[in-house]
Structures are given as C-alpha cells and as structure tokens.
Amino acid sequence: MTRQRQHLFLQFRYCFLLLVFLLVFTSTDVEAQGEEGGNSCDDSKCRATRIHPWVDNDTEWTCYVSPGTDVRDLCPDGLEGRIIPNSLTQTDGVDFELFTCCALDYVGPVEQTCSDIACSSPDWEGGGNCWGDGFQDPMTCRSAKYRFPRRTGMVSLIYVQYVCCTSPVGKSDSSMRELFIARIIWMALSAITLFSSSILIGGILWSPNARSQGYNLYLIFLAIPDALANLMILVRNGLTVSNTPAHPTVHVFLVSYEYFYASSNMWLNAVIVGQILQVLRKSKMCIKIAPLSVKTVFIQAGLTYAWAILWFAWAFILYSRALVWFSLPTVVNIWIITRALIVGPPLLYLIGVCVHIWKYKLLPRSGRTRVLSLYFLRVVIVFLVTWVPYFVIFEIAFNVT
C-alpha cells in the first residue's frame, strides 16, 4: 500500500470514528434533553387560536388571549389553563394576556416558559415566525433565554408550529428527537463530503502537472461549490442542534446558497459538455486539437459563478421578502419557475448534445480521445442520476403539499 493510500485510509477511518462519536453523542444528549424537559407548566400546550400568519383560512395556536377570557379549558386533557400574573401586553393597540397549561395538581408559581415571538424560522417577509419544516425552514430561535424549540402539535401544509422555550423538549416528543438524530447524521455525512472535496481540490492544486490541465481545473471549479454547500450544511445544522440563537437572515443566507450551488454545478457541467462536443467534432474531422487553456477555463468558470450568484441573490430576495409583494400561491409558482429555469436549459442542452453525439457517432470507444468519453459519461451521470431525480422529487413533494 502506497503512502498516499495509507493517508486516505487513515482519513476515512477518522471520518468513520467521527460519525460513531456523533451518534453516541446524540443518544446521550437526547437522554439529557428528556430529563430536563419535565415542566409542570408548558406554554407549548396552549390551545387558544388566532389567524395563521401567512396561510389563508387557517389558524395557529397561541397563549395570547383577551383579558377576562376563561382559559381553564384551553389546554389538552389532563392540563388546566392558568393566566400568567403580570403578563398584560398590548399589540397594535389591543390588550392581551398570556396563559399557560399546568398539571391539575400543580401548586407552584405560574410563569412563562415559552415564547412565540422568539422564533427565527424565515417568514418570507424579512422576519421570523414559528412555522418550519425542520430542514429548509428550521425550527430555530433567536433568544438566549427562549432558545429550545418545542412543537405545539399544529400542522399546516408541510410545516409544523413550534414555540421557543427555556428548557429542552421532553422524552414524549419523539419527532423532535428523531429530527435531532437526522441532523447529526446529516452533519457527519456532510463533513465526509467536505473532506473528500477538499482532498480533490488540494490534490489537483498540489501537482503542477495536474493543475496545468484545463479539464482538471473544471473538476476544481465543480468541487468548490460542493465543498461550500456542505460547509453551509454544517453551519446551518450546527446552529440548529446546538440551539444557538440566530437571526432569520442567517438561515435565509445559508439556505439561499443552495441555489448558487445547483446553478453553478449544472451550468458549468453544461459548459463542459459543450467543450467536449467541440473536441469530438474536431476529432471526427481529423482536425488538430489544441489543449484546453487554463485561461479559458477560468473565464468560463468565472462567468458561470457570476450567473450562479444572480440566482443566489434572487433566492435570497424571495426568502426574505416574497410574501411582502406576492400572495402565497404566486410565491409557490415563482419558486417552481425559478427551479425550472435553473434546471431546464442545461438539461435540455445536455439532451441535445447526447442526441447529436449518438446521431453522428462522435463518441470514441478507443484511442486517445477515449478519456473524453469517460469524462462525458460522468457529466451525464451527474445530471441524470443526481440532479434530475432530486428536482423531480422536490417538485412532487412541493406541489402535493
């Protein structure tokens, strides 16, 4: 075994050990959360209703009621609603009081344990609300005091309502614990992918001969967005699992990067396909082929990155302000069109090139240009096996829900 293989073996062993450690850490942390979450009063159980912040003809649960409201029956069975002393507040000139849900035999102080104004799941209006799907819209908090998310049990579309509490969720809410475990596994896999991308980039840059070849530079410019995407995943999930307070804009930035990642990867692969097509045509006509220059690759990658930055900016604007300017159905259609414009043109171009190559039998099975065949097949696999199924499944889930 060569020294390089030994080094890679050790690095993958360390990644595997990291995954095992994170899983062990997860199980112990979940148990700790279960032990801390047994409050006798729980604001996440409030069953007073108010208008949903952005879904028409829908409601959400709240602990805010008009002064004088009988709250005793505004809780699930086995719990009793009690007004929190000195909780009178005013919103838009209207008075409200806070209540909480306590065990029937509870005799301790009645205090606020959760808040629905500390949530930081992006609301598409420049702020945050208490509705998230757990992944694209994380159930996170922005308050140092109320920083532990807890589900209320209300569901709307694909989103679940939550509140931010002073203590972690108890053992009874298995969904939150399962989501916690899923994020830890996601982080471990992203760490391995980030490491692999970094090894690829470093390996090519380390070798003067490798980095002087244009097609190797294509691999670097494809790996950079991939590495950054996994870094963003680590940051986003790290903030969530550690219950670190963060403003909604932070989450908007992190999730918007996915559109830079998708567009840069797909459009740069389309550029590579076009470059390979030119070489295959010249080879078919026995025209001398000049080596792909480093300058050409940098220009192509730079323009592709600039195009991808525009998609990132557009996604950031939509996540931040979409519901300020448009209705929810319009926003849904805008997202569908956005993803179609990112995926459609490079995919149709790839299909057109494949048909052209097949029709004119341009793909060699042997000879010096055979390596281009393998390179071209890699691009096709990236499109058809990874990106296309991802977007198809995403659109099906998005439209069904």
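**Disulfides, salt bridges and a bent helix**

Trainee: How many disulfides does a search of the whole structure find?

Mentor: The search turns up 6 disulfides. Keep in mind that this is a predicted model.

Trainee: Remind me, what is a disulfide?

Mentor: It's a covalent bond between the sulfur atoms of two cysteines.

Trainee: OK, which cysteine does Cys41 join up with?

Mentor: Cys41 is joined to Cys102, with 2.0 Å from S to S. Cys41 sits in strand S1 (residues 41-42) and Cys102 in strand S7 (residues 94-103), so this pair ties together parts that are 61 residues apart in sequence.

Trainee: And what's the handedness of the link between Cys41 and Cys102?

Mentor: Right-handed, with 105 degrees about the S-S bond.

Trainee: Are Cys41 and Cys102 buried or exposed?

Mentor: Both Cys41 and Cys102 are buried.

Trainee: What about Cys75, which residue is its disulfide partner?

Mentor: Cys75 pairs with Cys101, and the S to S distance is 2.0 Å. Cys75 lies in the loop between strand S4 (64-65) and strand S5 (79-83), while Cys101 is in strand S7, so the bond ties together parts that are 26 residues apart in sequence.

Trainee: Why is the disulfide of Cys75 and Cys101 called left-handed?

Mentor: Because the torsion about the S-S bond of Cys75 and Cys101 is about -85 degrees.

Trainee: How do you decide whether Cys75 is buried or exposed?

Mentor: You look at the relative accessible area, and buried means under 20%. Cys75 has 11%, so Cys75 is buried. Cys101 has 1%, so Cys101 is buried as well.

Trainee: Which cysteine does Cys119 bond to?

Mentor: To Cys130, at 1.9 Å from S to S. The torsion about the S-S bond of Cys119 and Cys130 is about 85 degrees, so this disulfide is right-handed. Cys119 is in the loop between strand S8 (114-115) and strand S9 (121-122), and Cys130 is in the loop between strand S10 (128-129) and strand S11 (131-132), 11 residues apart. Cys119 and Cys130 are both buried.

Trainee: If I number the bonded cysteines of the protein chain in sequence order, what is the pairing?

Mentor: You get 1-6, 2-3, 4-5, 7-12, 8-9 and 10-11.

Trainee: New topic: how many salt bridges does a search of the whole structure find?

Mentor: It finds 6 salt bridges. One of them brings together the side chains of Asp42 and Arg150, at 2.9 Å from N to O. Asp42 lies in strand S1 and Arg150 in strand S12 (residues 148-156), so the pair ties together parts that are 108 residues apart in sequence.

Trainee: Why can side chains pair up like that?

Mentor: Side chains of opposite charge can pair when their charged atoms come close.

Trainee: Are Asp42 and Arg150 buried or exposed?

Mentor: Asp42 counts as buried at 14% relative accessibility. Arg150 counts as buried too, at 5%.

Trainee: Which residue forms a salt bridge with Glu80?

Mentor: Arg82 does, and the closest N and O atoms are 3.2 Å apart. Glu80 counts as partly exposed at 24% relative accessibility, whereas Arg82 counts as buried at 18%.

Trainee: And what does Arg236 form a salt bridge with?

Mentor: With Glu258, where the closest N and O atoms are 2.7 Å apart. Here Arg236 lies in helix H4 (residues 214-241) and Glu258 in helix H5 (residues 248-284), so the pair ties together parts that are 22 residues apart in sequence. Arg236 is buried, with a relative accessible area of 2%.

Trainee: Which residues are linked in a network of salt bridges?

Mentor: Arg50, Glu60 and Asp116.

Trainee: Let's switch to helices. How many residues does H7 have?

Mentor: Helix H7 (residues 328-359) has 32 residues. From first C-alpha to last, H7 reaches 45 Å, close to the 46 Å expected.

Trainee: Where does H7 bend?

Mentor: At Gly344, by about 30 degrees, and the proline Pro345 follows within four residues.

Trainee: What comes just after H7?

Mentor: Lys361 does, and it takes a positive phi of about 50 degrees.

Trainee: Last one: which residues form a nonpolar patch on the surface?

Mentor: Trp314, Ile317, Val324, Trp325 and Phe326, with about 460 Å² of accessible area together. Phe326 is in the loop between helix H6 (294-325) and H7, and at 32% relative accessibility Phe326 counts as partly exposed.

Notes:
Residues numbered from 1 in each chain as written. Predicted model: local features only at pLDDT ≥ 70, side-chain atom pairs only at ≥ 80, totals over all residues. Heavy atoms only, no water. Helix = DSSP H or I, 4+ residues; strand = E, 2+ residues; numbered from the N terminus. Expected span 1.5 Å × (residues − 1). Bend = angle between axes of the 7 residues up to and from the residue. Disulfide = S-S within 2.5 Å. Buried < 20%, exposed > 50% of the residue type's maximum accessible area, 1.4 Å probe, protein only. Patch = residues over 30% accessible without salt bridge, like charges linked within 9 Å, V, L, I, M, F, W, Y side chains within 5 Å. Areas by Shrake-Rupley, 256 points an atom, 1.4 Å probe, with all protein chains shown as cover. Salt bridge = Lys/Arg side-chain N within 4 Å of Asp/Glu carboxyl O.
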